[in-house]
Amino acid sequence: MEEQLAELAAQVAALQAGGGVTNTMFAETYYFLSIPLMVLIHAGFLAYEMGASRMKNVLSSGVKNLLAFAFIMPTFYFFGWWVYWAFPTGFTLSEGPAAISGAGYANAIAWGWGESAQYMGPNIADQASGVFWAAFAMFAATTASIMSGAVIERIQTVGFVILAIVLGSFAWVVAAAWGWHADGWLVTQWGVHDFGAAGLVHAVAGFFALGVLINLGPRIGKFNADGSANHIPGHNMPFTVVGLMMIIVGFFGFLMACVIVPGEAWSWFGDKPSTIYGTPITLSALGFNILMAVGGGIIGAWVVTRDPFWMMSGALAGIISVASGLDLYYPALTFIIAVSAGLLLKPAADFLENRGIDDAVGAVTVHGTIGLYGVVMLGIFGAGFPALQGAAGEVPTISLIGQIVGAVVFFLLGFVPGYVVSLLLKAMGMLRVPEGAERAGLDTVKVPAQGYPEGIPASNPASR
Amino acid sequence: MGFPYSEASWSVVDGAMFMGWGSGMPGVYTAIAAVVCLAVLFFGNRSEHDRYGDHD
């Protein structure tokens with residue numbers, strides 16, 4: 001009998017060990033697969049902004065976008081990851097209540113030297129750090145790509161790369177530390193809830209772009225002497241529209257990476273998935289709500305514009321408008337909010353254009369304005385829901401005031417560094433290309449290749 | 001530099017397993033990589049401005 005019990009215990013132990021291995025491999029694979037999906041976001045942005053460029057600038061726009069991606073990776077490795085873990089409690093860099101933040105903690109796990117280097121490279125005992133780092137690095141590159149499209153056809157390449165590094169490896173990372181991390185002061189003190197990063201990724205990047213655009217100025221020919229605006233069509237709208245659809249595909253990777261899988265030492269729960277705040281979520285929730293948001297955003301934009309560019313921008317706006325609460329919204333409510341975002345999109349873009357802002361792809365509106373709209377909408381519809389895992393009365397709840405505070409902070413974290421750093425670059429002569437180069441076309445000036453050696457035929461547009 | 005464990009066998013590996021682990025080399029590599037990025041930006045900016053020279 002004792003032998004049988006011992007054998008049974010050994011079999012149970014072996015099963016538990018096997019289950020643990022399977023769970024760990026699943027967790028690692030889950031985040032690993034989110035990475036190539038998020039690369040699709042960048043493929044999409046690349047196509048999007050190249051299509052939105054005139055033929056004389058198409059390759060230059062592509063080079064700029066590729067370099068942003070390339071420089072975000074090492075700089076996020078050098079210091080961006082450290083910022084995420086060091087900054088949650090604010091500029092004091094002190095440890096928060098969950099004891100997974102502050103300069104001491106970041107020094108222990110997020111530097112590429114000394115003892116902490118063990119978590120920043122191949123390690124058979126650590127199947128989490130690399131995939132988490134990579135997922136966050138892709139979020140970082142997304143912010144740079146958002147800004148990239150807004151500034152096409154007149155920004156200097158190196159000046160742009162410096163801005164991309166400031167945005168992707170610092171500004172949005174601070175926003176994530178404050179508004180996403182379980183020790184983030186916006187979360188613990190104000191109950192800010194931004195599950196899908198409408199504010200801390202999209203709004204920060206969108207308003208960073210606005211700060212840059214103010215100093216960069218419009219493209220030659222965008223505005224007339226009386227202040228009225230001209231439409232400068234990109235050379236390839238099909239390319240742009242397909243690029244936007246690729247971004248939608250990539251969003252599934254972006255949003256699945258926002259889910260914390262169960263059963264690991266770093267998981268919130270042993271038996272159920274959670275958001276980064278430790279609140280419950282399912283991938284089914286994302287299935288319902290992402291697709292309803294895409295449909296709503298397209299329909300809203302179609303009603304106002306009939307234009308495929310704005311329809312696909314509406315799809316992005318639809319997702320962004322509900323991203324903060326994709327874990328909590330009822331799908332029909334998701335659809336309603338997404339339709340409203342699609343309706344708002346073009347008037348909001350026109351509002352900026354009427355004030356002399358030349359945002360070539362509508363990035364400030366789609367990501368900035370709609371991002372903040374989404375953060376605030378959750379404060380209206382989600383008020384009273386616990387914002388963080390914990391006992392009733394001990395954790396903050398979602399509120400309109402809290403979400404507005406979060407929206408203001410995200411705006412400032414984007415706009416202020418974007419404006420200040422671009423102003424410095426302008427003073428150093430590193431922001432805008434010379435007028436002669438802009439008129440000649442940036443491909444001719446600095447890209448030793450041709451986008452379309454044989455030319456492409458053009459057709460006249462239909463009347464509205 | 002060599003294998004970062006006392007025995008040259010994977011069976012004793014229970015943690016970090018990259019080249020340079022246990023020495024100061026990861027920090028040296030990180031510093032060199034950072035310098036490469038800075039140098040590319042510096043010289044890239046100079047090259048870019050040279051190209052603008054004909055179009056001022």
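Chain A has a radius of gyration of 23 Å, which agrees with the value near 23 Å for a compact globule of 464 residues. This radius is taken over C-alpha atoms, and the globule rule is 2.2 Å times the number of residues to the power 0.38. The model is predicted: local features need pLDDT of at least 70 and side-chain atom pairs count only at pLDDT 80 or more, while totals for chains, interfaces and linings use all residues. Residues are numbered from 1 along each chain as its sequence is written, and chains are lettered from A and ligands numbered from 1 in the order in which they are written.

**The two chains**

Chain B has a radius of gyration of 20 Å, well over the 10 Å that the rule gives for 56 residues, so chain B is more spread out than a compact globule. The table sets out further values. Helices (H or I, at least four residues) and strands (E, at least two) are DSSP runs, numbered from the N terminus. A residue is buried if 20 or more other C-beta atoms lie within 10 Å of its own, exposed if 12 or fewer, and partly exposed in between; the C-beta atoms are placed from the backbone.

| Item | Chain A | Chain B |
|---|---|---|
| Secondary structure | 15 helices and 2 strands | 1 helix and 0 strands |
| C-alpha box along the principal axes | roughly 90 × 50 × 45 Å | roughly 65 × 15 × 15 Å |
| Buried residues | 55% of 464 residues | 4% of 56 residues |

Two residues are in contact if their C-beta atoms, placed from the backbone, lie within 7 Å. In chain A, take the contacts with a separation of 6 or more: 78% of them join residues 24 or more positions apart.

**Where the chains meet**

Chain A gives 27 residues to the contact, and chain B gives 21 residues. On the chain A side, helix 2 (58-86), helix 5 (157-179), helix 14 (435-440) and helix 15 (442-446) each supply two or more residues. This side of chain A has 17 nonpolar, 9 polar and 1 charged residues. Here Ala, Val, Leu, Ile, Met, Phe, Trp, Tyr, Cys and Pro count as nonpolar, Asp, Glu, Lys and Arg as charged, and the others, Gly among them, as polar.

**Two helix pairs in chain A**

Helix 2 and helix 5 of chain A also pack against each other, at about 40 degrees with axes 8 Å apart. Axes are lines fitted to C-alpha atoms, for helices over the stretch in contact, and angles run from 0 to 180 degrees between N-to-C directions. The crossing is right-handed, meaning that the near helix is turned clockwise from the far one by less than a right angle. Among the helix 2 residues in this contact are F71(A) and F79(A); helix 5 brings residues including V161(A) and G168(A). The contact has 18 nonpolar, 5 polar and 1 charged residues.

Helix 12 (363-381) and helix 13 (400-427) of chain A come within 7 Å and cross at roughly 165 degrees. They are therefore roughly antiparallel. Angles over 145 degrees count as such, under 35 as roughly parallel, 65 to 115 as roughly perpendicular and the rest as oblique. This crossing is right-handed. Their contact has 10 nonpolar, 4 polar and no charged residues.

Most residues other than glycine have a negative phi. A99(A) has a positive phi near 60 degrees. A99(A) sits in the loop between helix 2 and helix 3 (103-109) of chain A. A99(A) counts as exposed, with 11 C-beta neighbours inside 10 Å. A197(A) has a positive phi of about 65 degrees. Its loop runs between helix 6 (185-190) and helix 7 (198-216) of chain A. A197(A) is buried, with 31 other C-beta atoms within 10 Å.
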